[in-house]
Structures are given as structure tokens and as C-alpha cells.
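Dear colleague,

I am handing over to you the structure shown below, and I would ask you to keep it open while you read. The findings follow it.

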Amino acid sequence: MDPVRNPYAPGAGQRPPELAGRGRELDVFDIVLERIARGRPERSLMLTGLRGVGKTVLLNTLRSQAINRLWGSGKIEARPDQSLRRPVAAALHMAVRELAPRHRAPDRIDAFLGVLKAFAQRSAPTGRGGAAPKLRDRWQPGIDVPAASGRADSGDIEIDLVELLTDAAAVASDVGTGIAVFIDEMQDLGPEDVSALCAACHELSQLGAPLIVVGAGLPHLPAVLSAAKSYSERLFRYQRIDRLDRIAADQALCAPAEREEVEYEQKALDLLYEKSGGYPYFVQAYGKATWDHAPRSPITAADVRVAAPEAEAELAVGFFGSRFERATPAEREYMRAMATLSLVEGESGGPVRDDMDAAVPTAEIARALGRKPASLSPARDALIKKGLIYSGERGTVAFTVPHFGRYLRTQPA
């Protein structure tokens, strides 16, 4: 098979040639946009799921839907070591620049940009006596108008963000459209920023303002939001993004192949689904390796078996290994115990099965390591901060990466 014609794209955030199995999410967002256009109340949207299920791809596709409806849009990626001010200011600057050519009152745009500049440059004092902000926070946003005074510049991120987003929504309302702010890796926002974002979305919802936030994050994102504001569970529409079912996984492989006049035998598709588990990133990785190894069409199960070790070797380095290397020896020990405990006996004493994505009780991990639970808290907390595990329910942890337990059991102690 010609590798130049290989249609598969196993990349981080890279859109696959066939976005299979996400029709419902796209339809829901279309309804949200249309309802807001008609002045109907709507909630902001949160996408949650494990790594490798295509949250970033879906986020980018939703943004394209907003752009196609002539909305202003901006996208940011949250980082645990960065305040929300700088990235959200940049995102809103981009969104309003998209709307400005259609606005009949340039003075209104300039007034908003003045508020935006004040918001971007204002940092809350740190330490006693009000220490100066860090260098990375002293950002010049490239806005020619002077910074406004008395609006979105209090230094309290919650007050300032509510005022800023309210003003941005007013600009969008002037031109009869909306603004959508897309936030990837949203679970990495700091507690104050999460609280501020919830408060702003709450205010916008009450006003019926045409501005929504679309966030994407790991499965514990709802818990992060709930810890910040108790009403967050009613404030957002949550959509869990999961692995593809068999029909969608086959479509993701077959549709792009058919456009290249290539077919799969049914047994090849059976084996590819078994290997990938239906996770979109893995579907692309195994599909790409299989295409490169297959001598001709139709692609057979034998082709998949020959190609699988190469796909697994690439995943071991780029997808699993890079994450494993970030962990300390103590953290690796903790994860290995999790991986061992994810091997459970089948029903009625059946064969052992790999319950790859199940949550593991922290008490069981401590028992397996012969340690007190409290002594393992530093390792657990560090792994959560590194995004390698998450705690969806009290007293349990699970891997953020599918098949990670299987990978860990292949690594030497």
C-alpha cells in the first residue's frame, strides 16, 4: 500500500479523516447556537473523557461550527501554572476582532478593548504588601487604545471576569451574533479561576447574554467545578466523550479507506477493534500501521497482526512512555499497584480479565503496597497534578489514559 496515500492521522488534537461517532455532540451544539441566536436561554457546555477519546478534536470542530455561524470565537489551553487573565484576554481579543468589521459603532469596540486591556494588565497583588506580578503576567496585549479605568480592573478575578464577559456579550449582541470561548484541559485551571468562570457563566445565564463557554477536560472536571461553586452541576450541560462503538470505529477506518479505493476484510476489522478498544487515537494508530504494512487491498487480519507490534511500539514511546517518564519512582510504584489491581477475576470464577479503565480503591492500593493510606497521599496527589490519574469518586483513583495499566504491566520494575 502506498504510504503517501495513508489517510490515518494519529496525532494529538489532529482531526481524523472521518470524525465518526460524534454526530450527537455536533447536533446538540448546533441546537445551542440556534437557540442563543433566537434569544433562548442556554447553558455552557463541558466535554469530559479520558485522554485519546478526541476531546480536543471535537472542541475544534465545535469552534468551526460557531465560526460558520459568524460567531466570534477564541480558544485557550489551561495550564496549572498560569492565571486565566492572559489567555482569556487573548481569546476574547480574537473573538471581538472577528466581530469588529460588522459593528456599526467603532467607539463601542474601542471602549470594550479598553476594558479588555485593563483586565489583561491587572494582576492581583501577591504576598504581604502587594508584591509585583510575575514577569510572565505583565503582558502587553497589543491593543492600541488606552486601558479603561473602573471596569474589570479590580484585581479580583471573579469580579473582573464577570464584568469582562458581560461587556463582550454586549458587543456580540450589537451585531446580532454571539461569542464562544473554548477552553481545553479545563481541569488544570486554578481554584480561583474556576470559581470566577462559574460565576461569570452564572451571570451570563441569568442575563440571557449571547456568550457561552465550551470546556473540555478529564473525567473529574465536573467534580472540580462543583468544588468551586455548588450550583455548577446545574450551570453547565455535561457531555461524556467515550470510546467509539463498533459501528463508529469501523466507519472511522473504512470511510477514508474507501475514498482511496481500499477495503477491509471483516476479520481485519474485528481484530482492529479488539486491539484499539474503540479509542479514537488507537483506532488511528493501528489503522496507520496496518495500512503501511498491508501489501494490497483488501486488508486482512494477517496484515493487522503483522502491523500491530509497530503500532504498539509507537504508542509505548509517544503515548504511554512519555507520561511514564514524568513520574518519580514512588509514583511509578503507586501506578504499578493500580495496574495490578485492575486485573480482576471474571464473574463466577471465570478467567482473569483486564478491567483497564475501572476505578481502584486507594485503600486496596495501600494494602497491596503494605503501606498506610496517608503515607501514599503525596504520590497520589502528585500523579493527579501531573494528569496521570484522577479521582472521580471519593476513595478511588483511575488512569486518565486508556490501556495504561496494560502498558505498565509490561514494564520492568
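A word on naming comes before the findings: helices (H or I, at least four residues) and strands (E, at least two) are DSSP runs, and they are numbered from the N terminus. Please note also that this is a predicted model.

Five strands make up an open sheet with parallel pairing, and their order is 2-3-4-1-5. At its edges lie strand 2 (72-77) and strand 5 (236-240), each of which pairs on one side only. From one strand to the next, the twist averages 15°. Within this sheet, strand 3 (residues 179-184) is joined to strand 4 by five bridges in the parallel sense. There, V181 has V213 of strand 4 opposite it.

Helix 2 packs on this sheet, where it touches strand 1 (44-48), strand 2, strand 3 and strand 4. The direction of helix 2 makes about 170° with that of strand 3. Helix 3 (residues 85-99) lies across strand 2, strand 3 and strand 4, and it runs at about 160° to strand 2.

Strand 9 and strand 10 (residues 396-399) run antiparallel and are joined by two bridges, and Y390 stands opposite A398 in strand 10.

In general, the strands of a sheet pair through backbone hydrogen bonds, in either a parallel or an antiparallel manner.

**The largest pocket**

The largest pocket holds about 790 Å³ of space. Its lining consists of 41 residues, and those nearest the centre are A12, G13, R51, G52 and T56. Helix 2 (55-68), strand 4 (211-217), helix 11 (280-293) and helix 12 (301-324) are the elements that give two or more residues to this lining. Helix 11 provides the largest share, with four residues. Sorted by class, the lining of the pocket comprises 18 nonpolar, ten polar and 13 charged residues.

**The cavities**

How many cavities of 30 Å³ or more does a search of the whole structure find? The search finds two.

The largest cavity has a volume of about 40 Å³. The residues that line it are I76, E77, A78, R79, Q82, S83, L84, P87 and L189. By class, five of these are nonpolar, two polar and two charged.

The second largest cavity holds about 30 Å³. Its lining is formed by A249, L253, L269, L272, Y273, S276, V283 and Y286. Two or more of the lining residues come from each of helix 9 (246-259), helix 10 (266-276) and helix 11, and helix 10 gives the most, with four residues. Seven residues of this lining are nonpolar and one is polar, while none is charged.

**Salt bridges**

The model has 23 salt bridges, counting a side-chain nitrogen of Lys or Arg within 4 Å of a carboxyl oxygen of Asp or Glu. One of them joins the side chains of D30 and R69, at 3.6 Å from N to O. D30 belongs to helix 1 (residues 23-37), whereas R69 sits in the loop between helix 2 and strand 2, so this pair ties together parts that are 39 residues apart in sequence.

**Two backbone details**

Most peptide bonds are trans, and most residues other than glycine have a negative phi.

The peptide bond from S297 to P298 is cis, and its omega is near 5°. P298 is found in the loop between helix 11 and helix 12.

A152 is not a glycine, yet it has a positive phi of about 60°. This residue lies in the loop between helix 4 (106-121) and helix 5 (157-174).

With kind regards

Key: Residues numbered from 1 in each chain as written. Predicted model: local features only at pLDDT ≥ 70, side-chain atom pairs only at ≥ 80, totals over all residues. Heavy atoms only, no water. 1 Å grid on protein atoms, 1.4 Å probe; cavity = no way out; pocket = protein on both sides within 12 Å on 5 of 7 lines; lining within 4 Å. Points joined across faces, edges and corners; volume = space filled by probe spheres on them. Nonpolar A, V, L, I, M, F, W, Y, C, P; charged D, E, K, R; others polar. Pairing = 2+ DSSP bridges. Axes fitted to C-alpha atoms, helices over the stretch in contact; angles between N-to-C directions. Contact = heavy atoms within 4.5 Å.
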